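Subject: Structure handover

Hello,

Below is the structure you asked about. Please open it first, then read the notes that follow.

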Amino acid sequence: MMETKDKIIVKGVSFFYGRNQVLNNIHAKFAEHTITAITGPSGQGKSTLLGLFNCMWDEIPGARGSGEIRIRLGDEWVSPLKKDIPLPLLRRKVALIFQEPNPLPMSIARNMAFPLMLAGVRDKSIVAAKVQKALSQAFLWEEVKDRLEESALDLSGGQKQRLCIARALVLEPEVLLCDEPTSSLDARAAGIIEDLLVRLRSQCTLLVVSHYMDQVRRVADEVMTLQDQNLRRI
Amino acid sequence: MRASKETVAKGIFLFCAMASAVIIASILLFMVALGLPLFKGGAFFSVWTGAWAPHQGYYGIWPMIAGTLWIATLAMALCLPLSLGASFVITSLGGPRLRRMLNALVRFMTGIPTVIYGFVGIFLLVPLIREGFGGAGMCVLAAGIILAVLISPTMVLFFSDSLQSVDPANVQAAKALGADRVQRLLYVMLPKAFGGLASGFILALGRALGDTLIALMLAGNAVRAPHGLLEPARTLTAHIALVKAADFDSLEFRSIFACGIALYLFTTAATVAVRWIERERMMVP
Amino acid sequence: MIHNLAEKVVLFFSWVTTLVLGLSVSIFLGYLLWKGFPSLGPKLIFGQADPLMAVLGRVRVFDGIFPAIAGTICLVGLSAGLALPVGVCSGIYLAEYAGPGMKKLLGILFDILAGIPSIVIGLFGFSLAVFLHRHFSSRVGPCLLISAVSLAVLVLPYIVRSTQRSLEELPAGIRKTALALGASKLQNIAYVLIPNALSGISSGVILAIGRCAEDTAVILLTGVVATAGIPSSLLSQYEALPFYIYYISNQYSSRAELSQGYGACLILLVICAVLFMLAYGMTKHLSYRTLYRA
């Protein structure tokens with residue numbers, strides 16, 4: 001039996017916006033290739049918690065964190081709080097899916113190629129191959145393969161969110177952070193996304209923030225709740 | 001009782017708006033009316049294209065048009081890269097403290113009166129040019145440089161506004177995908193802000209064409225069209241300021257109204273162009 | 001960070017140009033302070049005259065800039081007094097009463113006005129003076145009144161635009177509240193909308209005042225002269241600070257006079273910079289609550 005290794009370790013992490021404390025002395029471990037759901041009342045800092053792993057808070061004035069976070073990428077451990085890895089590199093391996101789908105105002109093809117372009121991948125055949133692979137992984141290839149040059153803004157809500165997931169997958173991230181990925185979608189679209197997330201477990205480690213307890217039950221291996229600035233397993 | 005107070009108030013408001021409109025229209029009217037003697041007798045085209053030599057009966061304002069174009073073009077050529085680069089730093093490339101400082105600095109600069117720019121230009125820049133390049137020092141180059149510094153702050157603010165009004169969701173998306181500051185700027189903000197940048201450019205051009213004091217104080221005011229950066233020139237605006245001392249009924253004097261008409265038309269064209277661009281931008285989702 | 005050539009160029013270029021801009025401003029201001037600071041003091045303003053007597057108008061100041069300062073103050077007060085009511089009322093009309101066609105037409109006209117070079121406005125004022133001189137009374141010529149009217153025309157668009165914009169950008173909820181309680185349109189405007197839009201309107205007014213204080217082109221053609229003492233009547237010629245500076249740059253006859261010019265620059269700079277910073281401070285306060293518009 002294979003030992004499940006830890007992917008993310010959180011020790012004694014506290015977080016402040018200015019003088020406002022949002023997280024207090026958080027401890028957690030996330031095993032690789034698992035889906036951990038993070039639930040809890042609104043406005044308690046779940047999005048902030050997710051943002052700690054890919055440093056999305058770095059340009060907010062007054063935001064600061066203390067404690068230790070370690071993420072194993074490949075064979076090495078990095079510490080996002082200490083910013084010992086360049087942030088763009090971090091964000092390619094630790095991807096974030098937003099609550100509100102945010103395709104860029106470009107064609108589907110260019111949306112998909114965008115992260116590759118940022119990372120310096122220019123060979124067109126490599127780009128095309130990676131784009132197709134990612135779209136297939138996101139259950140979107142069949143639906144859009146004939147309209148790759150059309151604007152991404154014309155897709156339905158569910159398709160947009162799948163596009164955003166595919167776009168994040170194109171760089172083969174090791175951790176996928178999902179901030180309420182289905183809350184702006186209807187039930188059917190949400191169901192497709194849930195299947196997708198479960199499938200992705202074999203490739204990534206997922207942290208999913210969710211309000212919907214039934215979704216959590218369907219999807220998650222572990223459940224934690226963020227309440228009163230503290231994270232507890234349930 | 002209340003009804004009539006309402007209508008009176010509405011009437012007052014309407015009257016003010018109408019009065020303003022009438023004033024704007026009458027500005028052009030006055031100038032055409034007073035400049036008319038200059039155009040009579042078939043002299044219409046030579047006014048715009050002829051040379052200026054009042055003692056010989058030539059009242060062409062072409063040298064002034066040329067002077068205006070030379071100085072404005074130089075100023076825009078210097079100002080555009082300066083403002084673009086500074087607005088890039090202010091909106092994305094700089095750290096938060098630097099951005100705040102630069103923003104405050106630029107805002108402060110917009111409050112500096114034009115005449116002060118001219119004054120410092122005369123006593124600081126002109127001697128430098130004289131020493132470095134020879135000649136009198138008062139030339140197109142001097143006026144162009146100071147004019148560029150004068151217009152840059154307003155342009156920087158305008159560019160920054162346009163860049164920052166791009167949908168933040170798009171910028172966040174790019175950030176989460178690993179784009180750093182310059183990449184976010186180049187690939188997300190700049191393409192979307194292009195229309196706003198174009199309007200800012202045209203507005204600044206309008207200001208460059210219409211400025212009086214810088215050219216008056218720094219460009220030398222010779223009445224020949226310039227052929228090089230180090231030659232003196234006179235702009236339409238400076239001409240108006242200089243000729244007012246002449247005898248009112250002379251044709252020489254009337255030429256200033258021709259200058260006024262030219263300026264009015266240039267700047268109106270610029271204004272309309274900007275409104276057109278803005279309207280096009282609002283159409284695109 | 002893998003940067004291709006384009007990204008590297010943009011980075012380099014941006015930082016260099018910002019540095020150039022920053023340096024030129026610093027040199028500019030530094031030079032001005034260095035040259036102008038020594039001449040600051042009561043002698044600059046009042047010359048040989050006793051300050052108290054000069055302010056009371058009993059004694060004429062010949063070699064100080066007090067008359068110019070007084071002229072500028074009168075000018076600004078007068079033009080603001082003319083432009084404010086007309087501008088605010090026009091702005092109210094545009095925001096609250098005008099139909100879309102009218103809004104567009106007047107909008108274009110005001111934009112055109114805003115773009116007209118100040119010297120052309122001065123020309124208009126001058127033409128006005130000529131017209132009045134010929135057809136009304138030969139006592140009328142370029143003077144304080146004509147300059148004030150011209151300056152009012154110059155700054156009208158600032159006031160109209162900021163009034164219109166601040167009213168239009170009020171949140172929809174505020175508009176409906178008083179109406180739902182039975183207020184008439186006029187009452188809504190007077191008691192709810194204007195008070196809430198006040199910071200935006202004030203910033204437009206302060207910008208207009210600053211513009212009047214610094215303008216030179218308009219007053220060149222409409223009545224400013226180098227020596228006239230403090231303004232004696234609306235129909236008289238007058239002195240003004242910006243013109244004084246221009247005049248000195250052209251006609252200074254001694255190092256002392258030049259030094260006074262620098263001092264005058266500093267004083268004018270402080271006045272205008274304070275006014276503009278005030279205006280922007282107020283606009284910032286308003287824009288937190290509004291949608292961003294370029």
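The first thing to look at is where chains A and B meet. In this predicted model, 18 residues of chain A are in contact with 14 residues of chain B. On the chain A side, the elements that give two or more residues are α2 (87-93), β6 (94-97) and α3 (108-118). By class, that side has 11 nonpolar, 2 polar and 5 charged residues.

The other interface to look at is between chains B and C. Here 70 residues of chain B are in contact with 68 residues of chain C. On the chain B side, helix α1 (residues 2-39) gives the most, with 19 residues. The residues of that side fall into 42 nonpolar, 19 polar and 9 charged.

Next, chain A and its strands.

An open sheet of 6 strands runs in the order β6-β7-β8-β3-β9-β10, with mixed pairing. Which strands stand at the edges? They are β6 and β10 (230-233) of chain A; each has a single partner strand, so one side of each is left without a neighbour in the sheet. From one strand to the next, the twist averages 20°. Within the sheet, β7(A) and strand β8 (residues 205-209) of chain A run parallel and are joined by 5 bridges. As a place to check this on screen, find A:Asp179, which stands opposite A:Val209 in β8(A).

Some other strands of chain A pair as well. Strand β1 (residues 6-17) and strand β4 (residues 63-73) of chain A are antiparallel, with 8 bridges between them. In that pair, A:Ile9 stands opposite A:Arg70 in β4(A). β4(A) also pairs in the antiparallel sense with strand β5 (residues 76-78) of chain A, over 3 bridges. The bridge partner of A:Arg72 is A:Trp77 in β5(A). β4(A) and β5(A) form a hairpin with 2 residues between them. In the turn, A:Gly74 has a positive phi of about 70°.

Two residues of chain A have a positive phi without being glycine.

- A:Phe139 has a phi of about 60° and lies in the loop between α4 (124-137) and α5 (141-144) of chain A. A:Phe139 has 17 C-beta neighbours inside 10 Å, so this residue counts as partly exposed.
- A:Glu172 has a phi of about 55° and is found in the loop between α6 (157-169) and β7 (175-179) of chain A. Is A:Glu172 buried or partly exposed? A:Glu172 is partly exposed, because 15 other C-beta atoms lie within 10 Å.

B:Leu102 sits in helix α4 (residues 96-110) of chain B. This residue counts as buried because B:Leu102 has 21 C-beta neighbours inside 10 Å. Leaving aside neighbours within four places in sequence, B:Leu102 is in contact with B:Ala86, B:Val89, B:Ile90 and B:Gly94. Take B:Val89 from that list: B:Leu102 and B:Val89 are 13 residues apart in sequence, and their C-alpha atoms are 8.7 Å apart in space.

Last, chain C. How many helices and strands does chain C have? There are 12 helices and 0 strands. The C-alpha trace of chain C spans about 70 × 65 × 35 Å along its principal axes. Of the 294 residues in chain C, 49% are buried. Among contacts in chain C with a separation of 6 or more, 74% are between residues 24 or more positions apart.

Two packed helices are described by the angle between their axes and the distance between the axes. For helix α4 (residues 66-97) and helix α7 (residues 144-168) of chain C, the axes come within 6 Å and cross at roughly 35°. The crossing of α4(C) past α7(C) is right-handed. Their contact has 21 nonpolar, 7 polar and 2 charged residues.

One more helix of chain C is α6 (residues 118-135). This helix has 18 residues and reaches 26 Å from its first C-alpha to its last, close to the 26 Å expected at 1.5 Å a residue. Buried residues in α6(C) include C:Ser118, C:Ile121, C:Phe124 and C:Ala129.

Regards

Methods. Residues numbered from 1 in each chain as written. Chains lettered and ligands numbered in written order. Predicted model: local features only at pLDDT ≥ 70, side-chain atom pairs only at ≥ 80, totals over all residues. Contact = placed C-beta atoms within 7 Å. Helix = DSSP H or I, 4+ residues; strand = E, 2+ residues; numbered from the N terminus. Nonpolar A, V, L, I, M, F, W, Y, C, P; charged D, E, K, R; others polar. Expected span 1.5 Å × (residues − 1). Buried ≥ 20, exposed ≤ 12 C-beta atoms within 10 Å, placed from the backbone. Axes fitted to C-alpha atoms, helices over the stretch in contact; angles between N-to-C directions. Left-handed = near helix turned anticlockwise from the far one by under 90°. Pairing = 2+ DSSP bridges.
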